[in-house]
Amino acid sequence: GSLLEVEIADDRTVSVTRVYRDCVLNVLGDRFCVDLVLIPLRGLKVIIGMDWLGANGAMIDCEPQLVRV
């Protein structure tokens, strides 16, 4: 497959070849369509990108560590 360059939070760029398109992310009963990118990171299950958060109207409240979608 084609190579995708993904910039992650610690300013590293990771090359990935697998993207799982049109997956369903279920958060507390609400379903969202997402494309999942397989990135080899320890301890993290899912990272939601800023582009997706913005496109879905997410609001980030840092003090209580809360994301509203």
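Me: What makes L25, F32, V34, W52, L53 and A58 a nonpolar core?

Reply: A nonpolar core is a set of buried Ala, Val, Leu, Ile, Met, Phe, Trp, Tyr and Cys residues joined through side-chain atoms within 4.5 Å, where buried means under 20% relative accessible area, exposed over 50% and partly exposed in between (1.4 Å probe, protein chains only). L25, F32, V34, W52, L53 and A58 make up the largest such set, 6 residues in all. Two or more of its residues come from each of β4 and α1 (50-55). In soluble globular proteins, nonpolar side chains tend to be buried together.

Me: What kind of model is this, and which residues do the totals use?

Reply: The model is predicted: local features need pLDDT of at least 70, side-chain atom pairs count only at pLDDT 80 or more, and totals for chains, interfaces and linings use all residues. Residues are numbered from 1 along each chain as its sequence is written, and side-chain values use heavy atoms, with hydrogens and water left out.

Me: Which residues is F32 in contact with, leaving aside neighbours within four places in sequence?

Reply: Contact means heavy atoms within 4.5 Å. With those neighbours left aside, F32 is in contact with C23, V24, L25, V27, W52, N56 and V69.

Me: How do you know that β3 and β4 pair?

Reply: Strands are DSSP runs of E with at least two residues, helices are runs of H or I with at least four, and both are numbered from the N terminus. Two strands pair if DSSP finds at least two bridges between them. Strand β3 (residues 19-27) and strand β4 (residues 30-37) have 7 bridges in the antiparallel sense, so they pair by that rule. One of the bridge partners in β4 is C33, which faces V24 in this pairing. The hairpin has 2 residues between the strands, and L28 takes a positive phi near 50 degrees.

Me: Why is the contact of D35 with R21 called a salt bridge?

Reply: A salt bridge is a side-chain nitrogen of Lys or Arg within 4 Å of a carboxyl oxygen of Asp or Glu. The closest N and O atoms of D35 and R21 are 3.1 Å apart, so the pair meets the rule. This pair links distant parts of the chain, D35 in strand β4 and R21 in strand β3, 14 residues apart. D35 is partly exposed because its relative accessible area is 39%, whereas R21, at 56%, is exposed.

Me: How many salt bridges does the rule give?

Reply: The count comes to 3. One of them joins D10 and R12 at 2.9 Å, N to O. D10, at 49% relative accessible area, is partly exposed, and R12, at 44%, is partly exposed as well. R68 and D61 form another, with the closest N and O atoms 4.0 Å apart. R68 has 48% and is partly exposed; D61 has 30% and is partly exposed.

Me: Why is V67 called partly exposed?

Reply: V67 has 45% relative accessibility, so it counts as partly exposed. V67 lies in strand β6 (residues 66-68). Together with M50, I60 and V69, V67 makes a nonpolar surface patch of about 400 Å². Patches are made of residues with over 30% relative accessible area and no salt bridge, like charges being joined within 9 Å and nonpolar side chains (Val, Leu, Ile, Met, Phe, Trp, Tyr) within 5 Å.

Me: What is the pattern along the sequence?

Reply: The chain follows β-β-β-β-α-β-β, with 1 helix and 6 strands. Of its 69 residues, 14% count as buried.

Note on methods: Areas by Shrake-Rupley, 256 points an atom, 1.4 Å probe, with all protein chains shown as cover.
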